[in-house]
Amino acid sequence: MMKRGYFLFKAGEDCGGAVVATSVKEAKRFAWANKEEWCDPYCEYTDVRVRWVRDSKVDNLPIGYVSDLMAALKAGIYGYVIEAECPECKDQDTVVYNENGFMGCSNCVKKGEL
Ligand SMILES: [Zn+2]
């Protein structure tokens, strides 16, 4: 069975979560079971969407909901995490993980590229 990274979101909204699963069906089950972690209380089952993130690397993550935002970022399920603590400067900012394996806010990423 192939583990895959899925991005969870509510139809029409940007907010989301991350899950590791072997199928869309399984991903949707985890999404629903953990909806209070990533969605609002009024979320309906039919609002739950999952999208397979083809280039995510989830070999090191167990199957299930990924509550560690940074782990999901590192695995490539998230492209960025907002209001996170930058591991470099400790500021609260949008943090990215780039193709060079560098994790940080936009300022630190820029510094890292100089
Ligand atoms: Zn920073």
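Biologist: In this predicted model, which residue of strand 3 stands opposite Phe9?

Modeller: Arg49 stands opposite Phe9. Strand 1, residues 4-10, and strand 3 run antiparallel to one another and share five bridges.

Biologist: What makes strand 1 and strand 3 a pair?

Modeller: Pairing asks for at least two bridges found by DSSP. Strand 1 and strand 3 have five bridges, so they count as paired.

Biologist: Why are strand 3 and strand 4 called edge strands?

Modeller: The order in this open, antiparallel sheet of four strands is 3-1-2-4. Strand 3 (48-52) and strand 4 (64-65) each pair on one side only. Helix 1, residues 24-33, packs on the sheet and touches strand 1, strand 2 (16-21), strand 3 and strand 4. The direction of helix 1 makes about 135° with that of strand 3.

Biologist: What puts Leu8 in contact with Trp38?

Modeller: The criterion is C-beta atoms within 7 Å, placed from the backbone. Leu8 meets that criterion with Trp38, and also with others including Ala31, Val48 and Val50, leaving aside neighbours within four places in sequence.

Biologist: Which residues have the most contacts inside the largest nonpolar core?

Modeller: They are Leu8, Ala18, Val19 and Val66, in a core of 27 residues. Strand 2 gives the largest share, four residues. Helix 3 (69-74) and strand 6 (92-97) are among the elements that give two or more.

Biologist: Why is this core said to lie between domain 1 and domain 2?

Modeller: Both domain 1 (1-76) and domain 2 (80-114) contribute residues, so the core lies between them. The domain centres, taken over C-alpha atoms, are separated by 23 Å.

Notes
Residues are numbered from 1 along each chain as its sequence is written. This is a predicted model: local features need pLDDT of at least 70, side-chain atom pairs count only at pLDDT 80 or more; totals for chains, interfaces and linings use all residues. Two residues are in contact if their C-beta atoms, placed from the backbone, lie within 7 Å. Axes are lines fitted to C-alpha atoms, for helices over the stretch in contact, and angles run from 0 to 180 degrees between N-to-C directions. Domain bounds come from an automatic or database domain assignment. A nonpolar core is a set of buried Ala, Val, Leu, Ile, Met, Phe, Trp, Tyr and Cys residues joined through C-beta atoms within 7 Å. A residue is buried if 20 or more other C-beta atoms lie within 10 Å of its own, exposed if 12 or fewer, and partly exposed in between; C-beta atoms are placed from the backbone.
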